[in-house]
Amino acid sequence: MPRSSTRTSSVRRSRTRRVGESAYGALLVARMGLMGLLALLLLVAGVWTSWDTARYAMLIGVKERGTMTVSACAGERCTGPYVPSAGAGRPRPKVSVAKAAAPEKGERVEVVLKPGTAQAVRTGLAGVLHAWVPFAGSLLLAALVVAGGMRLRRTAWVMGLLGAALLGAAFAAM
């Protein structure tokens, strides 16, 4: 009986080659883990930054809720008088809100005051979307890390599109 020319026996690789392949595999796993941690850090930082403002814009149990009339804008803040509409608040001659969240001069906007300060946070859909803008930016940055460092392109596209949609919605709501 003649032997077949295609043999199926395995060829043993040298110990050095096997160790090198194992080390390369370990480096790939380490890169994936490191990039995953970096993406997670970016997302946590975005949520942490956004939550500082979003908790006041979204939560109903805030004591001082009312309206602010924008009278002047300088730098990154706009100021104006505050009139309470609910809660135990009192009228104030001057409170400030972020310029990006403020309407045109002379217009009124619904706000909530941060406890113990004269800083106002815009409420409603526009205020909530504006508060989550740092998270949208972190989604965009994390998408780059996920695509480039982890080679998970579909996941990165979803993250990037969600971040862009959130930024676009915040821009449109203002």
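Trainee: Does Lys63 count as buried or exposed?
Mentor: We are looking at a predicted model, where local features need pLDDT of at least 70, side-chain atom pairs count only at pLDDT 80 or more, and totals for chains, interfaces and linings use all residues. Residues are numbered from 1 along each chain as its sequence is written, and side-chain values use heavy atoms, with hydrogens and water left out. Buried means under 20% relative accessible area, exposed over 50%, and partly exposed in between (1.4 Å probe, protein chains only). The relative accessibility of Lys63 is 65%, so this residue counts as exposed.

Trainee: Where is Lys63 placed?
Mentor: Helices (H or I, at least four residues) and strands (E, at least two) are DSSP runs, numbered from the N terminus. The C-alpha atom of Lys63 is 6.8 Å from that of Gly89, 26 residues apart along the chain. As for its place, Lys63 is in the loop between helix H1 (15-58) and strand S1 (65-69).

Trainee: Leaving aside neighbours within four places in sequence, which residues does Val47 contact?
Mentor: Val47 is in helix H1, and at 34% relative accessibility it counts as partly exposed. Contact means heavy atoms within 4.5 Å. With those sequence neighbours set aside, Val47 is in contact with Trp132 and Phe135.

Trainee: What volume does the largest pocket have?
Mentor: On a 1 Å grid over the protein atoms alone, a cavity is a set of points where a 1.4 Å probe fits but cannot get out, and a pocket is an open set with protein on both sides within 12 Å along at least five of seven lines; lining residues have an atom within 4 Å of a point. Points are joined across faces, edges and corners, and a volume is the space filled by probe spheres set on the points. For the largest pocket, the volume is about 230 Å³.

Trainee: Which element gives the largest share of that pocket's lining?
Mentor: Of the 17 lining residues, the closest to the centre of the largest pocket are Thr53, Arg77, Ala98, Val121 and His130. The elements that give two or more residues are H1, strand S4 (92-98), strand S6 (120-122) and helix H2 (124-131). The largest share, 4 residues, comes from H1.

Trainee: In S6, which residue is the bridge partner of Val111?
Mentor: Two strands pair if DSSP finds at least two bridges between them. S1 and strand S5 (residues 108-113) pair in the antiparallel sense over 5 bridges, with Arg65 opposite Val112 in S5. S5 and S6 also pair in the antiparallel sense, over 3 bridges. There, the S6 partner of Val111 is Arg122.

Trainee: Which hand does the disulfide of Cys73 and Cys78 have?
Mentor: A disulfide is a pair of cysteine sulfur atoms within 2.5 Å, and the sulfur atoms of Cys73 and Cys78 are 1.9 Å apart. Cys73 counts as partly exposed at 38% relative accessibility, whereas Cys78 is buried at 0%. The torsion about the S-S bond is about 105 degrees, so this disulfide is right-handed.

Trainee: What phi does Arg151 have?
Mentor: Most residues other than glycine have a negative phi. Arg151 is in the loop between helix H3 (133-149) and helix H4 (153-173), and it is partly exposed at 46% relative accessibility. Although Arg151 is not a glycine, its phi is positive, at about 60 degrees.
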